[in-house]
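Let's take a friendly walk through this protein model. Have the sequence and the 3D view ready, and look up each residue as it comes along.

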Amino acid sequence: MIKYLPFVPLVLAAAISAAAAQDAKPDLSLLPAGPGRELVGAKCGTCHAIAIVVGQRRDRAAWEQAIDQMIGRGAEVSDAEYDAIAAYLGTHFAP
């Protein structure tokens, strides 16, 4: 148990950060206007800061892989939402 003690603050910080992200409204000012903006804010901003998204550049296929990973971690995204999010991110945050 003692060897895991140094990781306790990291785990607690991650849990607090995730809880804060879920309670706070996402900062849509970081997202360019366009179809899918609010959806990206609502779906992506639920678990992490929007700055994480806007700090990345990926083509649509890579964004789809990222969305698939988030769904694997519990994000709830319908097929229509998936397409809208992938299109928005692939358009505004491409390399």
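## A salt bridge across the chain

Glu81 and Lys43 form a salt bridge, with 3.5 Å between their closest N and O atoms. The term salt bridge is used here for a side-chain nitrogen of Lys or Arg within 4 Å of a carboxyl oxygen of Asp or Glu. Side chains of opposite charge can pair when their charged atoms come close. This pair joins distant parts of the chain: Glu81 sits in helix 5 (residues 79-92) and Lys43 in helix 2 (residues 37-44), 38 residues apart. Helices are DSSP runs of H or I with at least four residues, strands are runs of E with at least two, and both are numbered from the N terminus.

How open to the outside are the two partners? Glu81 is partly exposed, at 22% relative accessibility, and Lys43 is partly exposed as well, at 29%. On this scale, buried means under 20% relative accessible area, exposed means over 50%, and partly exposed lies in between (1.4 Å probe, protein chains only).

A word on the basis of these values: this is a predicted model, where local features need pLDDT of at least 70 and side-chain atom pairs count only at pLDDT 80 or more, while totals for chains, interfaces and linings use all residues. Residues are numbered from 1 along each chain as its sequence is written, and side-chain values use heavy atoms, leaving out hydrogens and water.

## A network around Arg60

How many salt bridges does the rule give? The count is 3. Arg60, Glu64 and Asp83 are linked in a network. Glu64 and Arg60 meet at 2.9 Å, N to O. These two residues are 4 residues apart in helix 4 (residues 60-72), so about one helical turn separates them. Glu64 is partly exposed at 23% relative accessible area, and Arg60 is partly exposed at 34%.

Asp83 and Arg60 also form a salt bridge, this one at 4.0 Å, N to O. Because Asp83 lies in helix 5 and Arg60 in helix 4, the pair ties together parts that are 23 residues apart in sequence. Asp83 is partly exposed, at 43% relative accessibility.

Glu64 has other partners to look for. Not counting residues up to four places away in sequence, Glu64 touches Tyr82 and Ala86, where contact means heavy atoms within 4.5 Å. Between the C-alpha atoms of Glu64 and Ile85 the distance is 8.7 Å, although 21 residues separate the two along the chain.

## The nonpolar core

In soluble globular proteins, nonpolar side chains tend to be buried together. In this model, the largest nonpolar core has 15 residues, and those with the most contacts inside it are Leu31, Val40, Trp63, Tyr88, Leu89 and Phe93. A nonpolar core is a set of buried Ala, Val, Leu, Ile, Met, Phe, Trp, Tyr and Cys residues joined through side-chain atoms within 4.5 Å. Which helix gives the most to this core? Helix 5 does, with 5 residues.

Beyond four places in sequence, its contacts include Arg37, Val40, Ile50, Tyr88 and Phe93. Arg37 lies in helix 2. Apart from neighbours within four places in sequence, Arg37 is in contact with Leu28, Ser29, Leu31, Pro32 and Tyr88. The C-alpha atoms of Arg37 and Ala84 are 9.1 Å apart in space, with the two residues 47 apart in sequence.

## The whole chain

The secondary structure comes to 5 helices and 0 strands, and the elements run α-α-α-α-α from the N terminus on. Buried residues make up 22% of the 95 residues. Among contacts with a separation of 6 or more, 58% are between residues 24 or more positions apart.
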